[in-house]
Amino acid sequence: MKQTLTILGLESSCDDTAAAVVRQTVGKAAEILSSVVVGQVDLHASFGGVVPEIAARAHAEKIDLCAEQALQKAALTLGDIDAIAVTSGPGLIGGVLSGVMCAKGLSAGSGKPLIGVNHLAGHALTPRLTDGAAFPYLMLLVSGGHCQFLIAKGVDDFTRLGGTIDDAPGEAFDKTAKLLGLPQPGGPAVEAEARKGDTKRFPLPRPLLDRPGCDMSFSGLKTALLRARDKLVAEHGGLRQQDRADLCASFQMAVSDVLAEKTRRALALYQELNPAQPTLAVAGGVAANQQLRAVLETVCADNNTSFTAPPLALCTDNAAMIAWAGLEKFRAGHRDDLTLPARPRWPLDRTSPAMLGSGKKGAKA
């Protein structure tokens, strides 16, 4: 195996089309040589959410251009690449297919090895890309579609301690924004509005805190916010600016309180492993929320645990994390061929029971 590996990564699981080049030499920190992300916010804005068919078409139009730009920015050609890594699930199947087919074409045309990467593993391994986190560490993956506590023990070895049994926090943020007439994506919009609000005005619920374990629920919180909004509209004939800010602040605080308590419980289970360097890492789009980061840092400080979170640009979907996960898998001897499937569902912990149900396509999470 070469001491220095250079990997091209492709990502197209939801509404960001991305390509990146990552290089790493054994014993040295990884370098992100380039990272290109093309968003689709404008394409979906009038629909109040991501439309899978529109997303898939946009990925098909942009993925090869993103790969070309990533190579150009890294001042490399495809011949300089050691392998091609691509998100092969989970995600919106049309988008995942776009990325997988592009990667297969590049692999077949160049003769370079192909590596399928679990999108969730990309997020979960990001702390090793950015901070060199040592296994095992506790991972809070918190995004628009997922929320899980995972003990990361190896490149392809994850144990789930708990997760959401319904809406993910990012989904709840998006729905809250929609209920309050705020733009999408909802996370940044709600966070900005919450800065002007009173976190204690509305006594919103903290679901599942009365039950043991690390599982979470956010759909009831969203419903409680809807009822509070409707009451205000009935009383005042509309939603006033301060009402909206207070609702956002109260909602964000409720999410933070739930995640803080569940993190304390997850840390207790994780520390039973007696890790040499206890670390909590957080990744995913919601990890960009500054209040959430502050709350989790406090929990870690209280439990003698290091806290790490990626730069904001690496919290949301990107291809650098896919290239890095592919690099780690490549070093471990993993290779795929042109039969690599595109998967709408692909849980990281394949031994634990499915949390959100399963069917012909497999477990959701």
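These notes go through the predicted model point by point, from confidence to sheet to helix packing.

1. Basis. The model is predicted, with local features requiring pLDDT of at least 70, side-chain atom pairs counting only at pLDDT 80 or more, and totals for chains, interfaces and linings using all residues. Residues are numbered from 1 along each chain as its sequence is written, and side-chain values use heavy atoms, leaving out hydrogens and water.

2. Confidence. The protein has a mean pLDDT (the predictor's confidence in each residue, from 0 to 100) of 93, and 96% of its residues reach 70 or more. Over residues 357–362 pLDDT stays under 50. Where pLDDT is low, the predicted coordinates should not be read in detail.

3. The sheet. Five strands make an open sheet of mixed pairing, in the order β3-β2-β1-β4-β5. Strands (E, at least two residues) and helices (H or I, at least four) are DSSP runs, numbered from the N terminus; two strands pair if DSSP finds at least two bridges between them. β3 (31–39) and β5 (114–118) are at the edges with a single partner strand each, so one side of each has no neighbour in the sheet.

4. β4 (residues 83–89) and β5 run parallel and are joined by five bridges. Gly89 stands opposite Asn118 in β5.

5. Helices on the sheet. Helix α4 (residues 119–131) packs on the sheet and touches β1 (4–11), β2 (16–25), β3, β4 and β5; contact means heavy atoms within 4.5 Å. The direction of α4 makes about 95° with that of β5. Angles run from 0 to 180 degrees between N-to-C directions, and axes are lines fitted to C-alpha atoms, for helices over the stretch in contact. Helix α10 (residues 320–331) also lies across β1, β2, β3, β4 and β5, at about 45° to β2.

6. α7 against α8. The axes of α7 (residues 219–236) and α8 come within 11 Å and cross at roughly 165°. That makes the two helices roughly antiparallel (over 145 degrees; under 35 counts as roughly parallel, 65 to 115 as roughly perpendicular and the rest as oblique). Among the α7 residues in this contact are Leu221, Leu225 and His236, and α8 contributes residues including Asp243 and Phe251.

7. α8 against α9. Helix α8 (residues 241–270) and helix α9 (residues 290–302) have axes that come within 9 Å and cross at roughly 30°. They are therefore roughly parallel to each other. Residues of α8 including Met253 and Leu259 meet residues of α9, among them Leu292 and Val295.
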